[in-house]
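Please look over the model below before reading on. The notes that follow are grouped by topic.

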There are 2 protein chains.
Amino acid sequence: MSFVSHLACSRCRATYPAGRIHHLCTACGSPLVVEYDLERIATAVQPRDLLERPATMWRYAELLPVTGAPVTLGEGFTPLLPAPGLGERFGLPHLWIKDDGLNPTGTFKARGASAGISMAAALGVKEVGLPTAGNAGGAWAAYGAAAGITVHVAMPSDAPAANRAECAAYGANVTTVDGLIDDAAAVINEGVRQHGWYDAAGMREPYRVEGKKTFGLEIAEQMGWSMPQAIVYPTGGGIGLIGMWRAFLQMRDLGWVHGDLPRLIAVQAAGCAPVVRAILEGEEDTERWEQAETVASGLRVPMATGHRMTLRAIRDTGGTAVAVSDRQILQTMALAAAATGVLPCPEGAAAVAAVPMLREAGHLDPADRVVVINTGSALKYPREVDYPVGAA
Amino acid sequence: MSFVSHLACSRCRATYPAGRIHHLCTACGSPLVVEYDLERIATAVQPRDLLERPATMWRYAELLPVTGAPVTLGEGFTPLLPAPGLGERFGLPHLWIKDDGLNPTGTFKARGASAGISMAAALGVKEVGLPTAGNAGGAWAAYGAAAGITVHVAMPSDAPAANRAECAAYGANVTTVDGLIDDAAAVINEGVRQHGWYDAAGMREPYRVEGKKTFGLEIAEQMGWSMPQAIVYPTGGGIGLIGMWRAFLQMRDLGWVHGDLPRLIAVQAAGCAPVVRAILEGEEDTERWEQAETVASGLRVPMATGHRMTLRAIRDTGGTAVAVSDRQILQTMALAAAATGVLPCPEGAAAVAAVPMLREAGHLDPADRVVVINTGSALKYPREVDYPVGAA
C-alpha cells in the first residue's frame, strides 16, 4: 500500500501523478518531490510500531515511495555514536557522529541508490544513467547488479580509483571524462537522448532524495523521537540535506517530533564552495565554482540541480554554511579516528573539522545537541588515509 | 547482571573464576572458553524479547561476557541477503550471503574486537598487544581508540596497506615483521613479557571468540530462529567457526533452535590450507603450513592456537574443509559482485568460490539452506579489486 499522493514541483508546485516516470518539472524545469498523504500515514503507523522492524532504512516504509519489495543490500539504520572525546576537545558535550560508512558500498550513497533503483525497477526501467563524483556511481552500480538493471555511469577521470573499480566489478558501464561531475552529466544526457536511459542524475529523478530522507528519520528515532539542535553535513550536491529537511518537516506534521527543526549546516571544501558563497552573498541559487579542486572528491560538485533547494533548507532551518581547507580535512581524519574509533572519509572529516570553527563563530553552543554526519568509509580513499599517517 | 558462571579449559576442563584476567589454561596450555548459566538465561530472556533491542551484536547481552556498557561502534547484526542469482548459477536455490563488510573497520574482526576491548576495559587493562594478519589489528586499534586503551599491533610487512594505515590513524603502535602472523606473535609475546601488555592474540584471550559467536546468533534470528543446513566460512585462525559452533550449541540448549547443527565448512586458500590438510589426514591439530602465500591475506595463517578447536567444530557438525586457488578467488570477486550487488573481499570470495565445488562433491544439496559468510569489504583490497576488472 502506497501513501504517496502525488509528485509536485519544488518551485512552481505543478503536480504530477504517482506511478509514472517523471524527471524535472515540464513547466519550469525544477526538481520534483514526492508528496505523501500524511493524515493517512498518521493513522496507519506510530513510532512504537517501528521498533520491531528491520534495521534498515526500509523500516520507514510508509514514508518511502516504494510499495513492493525494495532492492536492498542492508542500507541505512547506521549507528549514531556519542563522541565524548571529540566533544570535550571542541567544547560541545553533546556531540554525536552518525557513521554512514557502515553501508553497502561504504557510503551514504547507498540510501539514494536503494530508493532510486527500487523505484526504477517498479517503473519497469531496464537501463539507468547517472553522472557522479564517484561514490553514487558505485552505489547505483551495486543496486543495479542486485536488481538486474543495466547502469551507465560517467565520472571524472580523476575520481577515486575505488569508484571506477567497484563500478566495473558490479558490471556497470563506466565512461570517464576530463572534467567534473557536471561535465560527466553531458555524457549521460546524450545517452538519455539517444538510447532512452532512465535519467538518474541527482534531483533529476525524484526518489534518490527520498532515500536520503531516512538520515533524518533515523536521527530522530535514535535520539528517542527528538531532534538535535544542529546537524553538520558535508555538502556536495546537497541531496542529503534536502532529504533531512523534508524528513523533519514530515515528522513534525505527523506529530512524531516537536519544536524547532535542527539547524542544517553545510560544510564544503575551500576549493569548491558554491553553497557557502551563495549563503554569504544571499543568492537563491549557486553559480558554478570554477577550477574546483579538493581531496574530498565527493565535495567536488561545482554546481548541482539541487543547490537551490539546499539553500532553502539551510535558510529555512536557521543553518549556515562553512568551508574548510584540504589541510584541515586531512589532519582531521586521523584526529577524529584516534578520538572516536571512527576513521571518517575526507568528506566526513570536513564536517568534523568545521565543528570547532562553528563553535568559535557562535553557530554551535555547548548546550546544543549536535550530530555530525560521516558520509562514508575512509577505505575508499587509501591515499588520503596514508597522508596524515606519513605526516604525523 | 552477568550470566557467566566461570571459564573452562577447552581441553582439560580445568575451571577458572570469571572477573579476573586469564589467558591460556595454566594446566595444559589450551584456550579457555566462557561458560554461562544457561538455565538462568533461559528464564531471563526469550527470543521475542530481542526484537526491540539495538541492531548490533550487543542485542544478545545475556550470551556475552560484558556486564557494563560495551565499547561499541555499531558492530554486528549485519544483513543476511538472499542470493538468488548466485544460487541459480550454483544449483542451490536457498543460498544467502551474510555481509559482514558492513561493520566498523569494514570486517568481521569488529565483533571480536568489540567484545575483547570491552572485557579488557572492564578488567582494568591499559595496554593490549596482538599479532594480526591485518584486519584484526585495524579493528582492535579502532576499539582501543574508542576505549582509551593503548593498542600494540604486529603484522606482516606485506599485510594490506589499508591495515597499516588504519592502525596508525587510530593511534595504535604498529610493528611490521618480515614473516607471517605467527612470526608477528613473537614480537607481541616479547611486549607481554617485558611491558605487561594484555595478550590479545586469537584464542589466547577468551573473549574475542564470544564476539564472533554472534555470527551464529544472528544467523539463527535472521532465519526466524532456525538453523541453515550449512555455513561456508573463510577460515584463517578459525575463531569465527569456533564461535558459531558454540552459539548453536548454546541456543539449542536454551531451546531457541532445534535439530541438527549446521555443517560448518571451512574454506582456505590453496597456498595456505593447514585446516584442509588436517581434515583430510584425520589429524587432531594443524601443522604449520610452510611458504604460505595467498592474495587473501586474512587466510594467510599457517598455524593458530584455535585450530584444534576449529577441527573439532568441523567434525562435530559433520562439516568439511576445502581449498580454492587465488585465481578462483580473484575471478569470483567480480562474479559475485555482478550477481548479487555485494563485492566480497578476497576471503569472502574464497567462500563463494568454494560453493560450486562443494555442490559438485555432494557436500551441499539443492534442498539445503546455505549461508556463505563474506567476512569483509573489498575496499580494503584495492589491488585485488582491480585485478579481475583489468583481466575481464
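**Briefing on the two-chain model**

Gln268(A) stands opposite Ala323(A) in β12(A). This is a predicted model, in which local features need pLDDT of at least 70, side-chain atom pairs count only at pLDDT 80 or more, and totals for chains, interfaces and linings use all residues. Residues are numbered from 1 along each chain as its sequence is written, and chains are lettered from A and ligands numbered from 1 in the order in which they are written. Helices (H or I, at least four residues) and strands (E, at least two) are DSSP runs, numbered from the N terminus.

- Strand β11 (residues 263–269) of chain A and β12(A) run parallel and are joined by five bridges; strands count as paired if DSSP finds at least two bridges between them.

**Four-stranded sheet, chain A**

- Another open sheet has four strands in parallel pairing, in the order β8-β7-β6-β9 (chain A).
- Its edge strands, β8 (173–177) and β9 (198–199) of chain A, each pair on one side only.
- Strand β7 (residues 150–156) of chain A pairs with β8(A) in the parallel sense over five bridges, and Pro156(A) has Val177(A) in β8(A) as its bridge partner.
- Helix α4 (residues 135–147) of chain A lies across β6 (127–131) and β7 of chain A, at about 170 degrees to β7(A).

**Core**

- The largest nonpolar core has 292 residues, and those touching the most other members are Trp140(A), Val232(A), Ala350(A), Trp140(B), Val232(B) and Ala350(B).
- Such a core is a set of buried Ala, Val, Leu, Ile, Met, Phe, Trp, Tyr and Cys residues joined through C-beta atoms within 7 Å.
- Ala354(A) lies in helix α12 (residues 346–360) of chain A and counts as buried because it has 29 C-beta neighbours inside 10 Å.
- A residue is buried if 20 or more other C-beta atoms lie within 10 Å of its own, exposed if 12 or fewer, and partly exposed in between, with C-beta atoms placed from the backbone.
- Leaving out residues up to four places away in sequence, Ala354(A) touches Val232(A), Val267(A), Val322(A) and Val324(A).
- Ala354(A) and Val324(A) are 30 residues apart along the chain, with 6.4 Å between their C-alpha atoms.

- 42 residues of chain B are in contact with 42 residues of chain A, contact meaning that the C-beta atoms, placed from the backbone, lie within 7 Å.
- The largest share of the side of chain B that touches chain A, six residues, comes from α5(B).

Note on methods. Two residues are in contact if their C-beta atoms, placed from the backbone, lie within 7 Å. Axes are lines fitted to C-alpha atoms, for helices over the stretch in contact, and angles run from 0 to 180 degrees between N-to-C directions.
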